[in-house]
Amino acid sequence: MKYVIFGGAGGVGSALARKLVERGEQVFLVGRSEDKLTALSNEIGAGYAVADVTDPEGVQTALASLDGEIAGLAYAVGTIGLKPLQRVTREDMIQAYDVNVVGAVSAIQAVRDKLVEGGGIVLFSSVAAQRGFNNHLAVAGAKGALEAICRTLAAELAPKARVNAIAMSLTDTPLAKELTANEKIREGVARAHPLRRLGRPEEVAALASHLLSGDAAWTTGAVFNLDGGRGNLA
């Protein structure tokens, strides 16, 4: 059996892939960058397919040839795109929803019939969906919808599959580079967290790995804050 990771070559996705392989699992990666997928595949011995999550037919095609049952799915795909209200466009809102929500639904539809009984699905949200932050309109709206999707699908797919989400704060990944590259901004954001630092992909991967495993067999419809305390304490 395999675990399918969308965004498998990204910061969180690749950390999760390594974590699963370390515990002896098989992994299948899906992403847009063939070069990154090839490099990670060669490193950890994983299969992969190139697909854009905004293309439902491409997602179906990417997984059509995947043999055997699927133990779990992680949808480690997201957007940031920070803008104030006056600059947010209709296209910004649609793109954020398309990538974060519609893409997740397409991925789950593609694996549903191949999931083992009790298989796990993990989605990735943001602390911005729960707290009010300036300039986060598009991403907060999309991630809020994703959390609703998590609970809805947890009800619909039970007892066959479990669906949970991890609400992250800013984590050291390539996606966050536009914010973390500036040292002053990085330090300021770090200080906004009670634990006074940014998250690490490996920390997110550890929780995702647990939620995908049988150790979390009685956990579904939950959103876990993994945010250095920012969601509840800051």
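Which residues touch the most other members of the largest nonpolar core?

A: This is a predicted model, and the answer is V4, F6, L63 and L123, within a core of 34 residues. The core draws on several elements: β1, β2, α3 (56–64), β4, α4 (90–111), β5, α5 and β6 each give at least two residues. Helix α4 gives the largest share, with 7 residues.

Take L123 as one example. Leaving aside residues up to four places away in sequence, L123 touches Y75, A104, I108, L146, C150, V163, N164, A165 and I166. One of these, I166, is also listed in a second, separate core of 26 residues, which includes A15, V27 and L37 as well.

The strands come next. The sheet is open and has 7 strands, in the order β3-β2-β1-β4-β5-β6-β7, with parallel pairing. Its edges are β3 (47–50) and β7 (223–226), each of which pairs on one side only. From one strand to the next, the twist averages 20°.

Within that order, β1 (residues 2–6) and β4 (residues 70–75) run parallel and are joined by 5 bridges. V4, already named for its contacts in the largest core, has L73 in β4 as its bridge partner.

Two helices that lie across the strands can be described together. Helix α1 (residues 11–22) lies across β1, β2 (26–31), β4, β5 (115–126) and β6 (161–168), and its direction is at about 170° to β1. Helix α8 (residues 201–212) lies across β1, β4, β5, β6 and β7, at about 165° to β6.

The expected span is 1.5 Å times one less than the number of residues, so the 12 residues of α1 should span 16 Å; the end C-alpha atoms are 17 Å apart, which agrees. Several residues of α1 are buried, namely G11, V12, G13, S14, A15, L16, A17 and L20. A15 is also one of the residues in the second core. Just after this helix, G24 has a positive phi of about 90°.

Some backbone details lie in the loops. N135 has a positive phi of about 70° although this residue is not a glycine, and N135 sits in the loop between β5 and α5. R196 is not a glycine either, yet has a positive phi of about 60°; R196 is in the loop between α7 (183–191) and α8.

How accessible are these two residues? A residue counts as exposed over 50% relative accessible area and as buried under 20%, with partly exposed in between. N135 is at 37%, so N135 is partly exposed. R196 is at 53%, so R196 is exposed.

P159 is placed in the loop between α5 (137–157) and β6.

Last, the confidence of the prediction. The mean pLDDT of the protein is 93, and 99% of the residues reach 70 or more. Confidence is highest in β4, at 98, and lowest in helix α6 (residues 177–180), at a mean of 71.

Technical notes
Residues are numbered from 1 along each chain as its sequence is written. This is a predicted model: local features need pLDDT of at least 70, side-chain atom pairs count only at pLDDT 80 or more; totals for chains, interfaces and linings use all residues. Side-chain values use heavy atoms; hydrogens and water are left out. Two strands pair if DSSP finds at least two bridges between them. Helices (H or I, at least four residues) and strands (E, at least two) are DSSP runs, numbered from the N terminus. Axes are lines fitted to C-alpha atoms, for helices over the stretch in contact, and angles run from 0 to 180 degrees between N-to-C directions. Contact means heavy atoms within 4.5 Å. Buried means under 20% relative accessible area, exposed over 50%, partly exposed in between (1.4 Å probe, protein chains only). A nonpolar core is a set of buried Ala, Val, Leu, Ile, Met, Phe, Trp, Tyr and Cys residues joined through side-chain atoms within 4.5 Å. pLDDT is the predictor's confidence in each residue, from 0 to 100.
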